[in-house]
Amino acid sequence: MPLLPLRRAEELAPTIERAMDDGGLVTRDRVACCLGQLAVESLQLTRWEEKLSYTADRLAVVWPSRF
């Protein structure tokens, strides 16, 4: 099973490639890490928005230096 749905990955490839170039992600290792992180955070390119259903208490635990 591929990491990302092939049809969706092909559709988004130009946009993803441009964003990686703009961000300086040009080495094989950095591209691989970026694609892996993208797959995880977007549920294999099926989600585009963060849920943002965090409680104030949880935010304070995760990012204590911000509060």
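What is the accessible surface of the protein, and what share of it belongs to carbon and sulfur atoms? The accessible surface comes to about 6000 Å², and 57% of this belongs to carbon and sulfur atoms. The structure described here is a predicted model.

## Overall form

The protein contains 3 helices and 0 strands. Read along the sequence, these elements give the pattern α-α-α. Taken along the principal axes, the box filled by the C-alpha atoms is roughly 40 × 25 × 20 Å. The radius of gyration of the protein is 15 Å, whereas a compact globule of 67 residues would have a value near 11 Å. Of the 67 residues, 12% count as buried.

The protein carries 9 positive and 10 negative side chains. The centres of these two sets lie 4 Å apart.

## The loop between helix 2 and helix 3

Helix 2 covers residues 28–41, and Leu43 is placed in the loop between helix 2 and helix 3. Leu45 is found in the loop between these two helices, and Trp48 also lies there.

Phi of Leu43 is near 50°, a positive value in a residue other than glycine. For Leu45, phi is near 65°, which is again a positive value in a residue other than glycine.

Which term describes Leu45: buried or exposed? Leu45 counts as buried because its relative accessibility is 3%, and the cut-off for buried is under 20%. Leu43 has a relative accessible area of 46% and is therefore partly exposed. Trp48 has a relative accessible area of 52%, so this residue is exposed, the cut-off for exposed being over 50%.

Trp48 and Val26 are 22 residues apart along the chain, and their C-alpha atoms are separated by 23 Å.

Which residues make the nonpolar surface patch of about 440 Å²? The patch is made by Val61, Val62, Trp63 and Phe67.

Val61 counts as exposed because its relative accessibility is 56%. Val62, at 39% relative accessibility, counts as partly exposed, a term for values between the cut-offs for buried and exposed.

Val62 and Ala9 are 53 residues apart along the chain. The C-alpha atoms of these two residues are separated by 32 Å.

## Accessibility of selected residues

The table collects the residues discussed above.

| Residue | Relative accessibility | Class |
|---|---|---|
| Leu43 | 46% | partly exposed |
| Leu45 | 3% | buried |
| Trp48 | 52% | exposed |
| Val61 | 56% | exposed |
| Val62 | 39% | partly exposed |

Note on methods:
Residues numbered from 1 in each chain as written. Predicted model: local features only at pLDDT ≥ 70, side-chain atom pairs only at ≥ 80, totals over all residues. Heavy atoms only, no water. Patch = residues over 30% accessible without salt bridge, like charges linked within 9 Å, V, L, I, M, F, W, Y side chains within 5 Å. Areas by Shrake-Rupley, 256 points an atom, 1.4 Å probe, with all protein chains shown as cover. Salt bridge = Lys/Arg side-chain N within 4 Å of Asp/Glu carboxyl O. Buried < 20%, exposed > 50% of the residue type's maximum accessible area, 1.4 Å probe, protein only. Helix = DSSP H or I, 4+ residues; strand = E, 2+ residues; numbered from the N terminus. Rg over C-alpha atoms; globule rule 2.2 N^0.38 Å. Lys, Arg positive; Asp, Glu negative; His and termini not counted. Charge placed at Lys NZ, Arg CZ, Asp CG, Glu CD.
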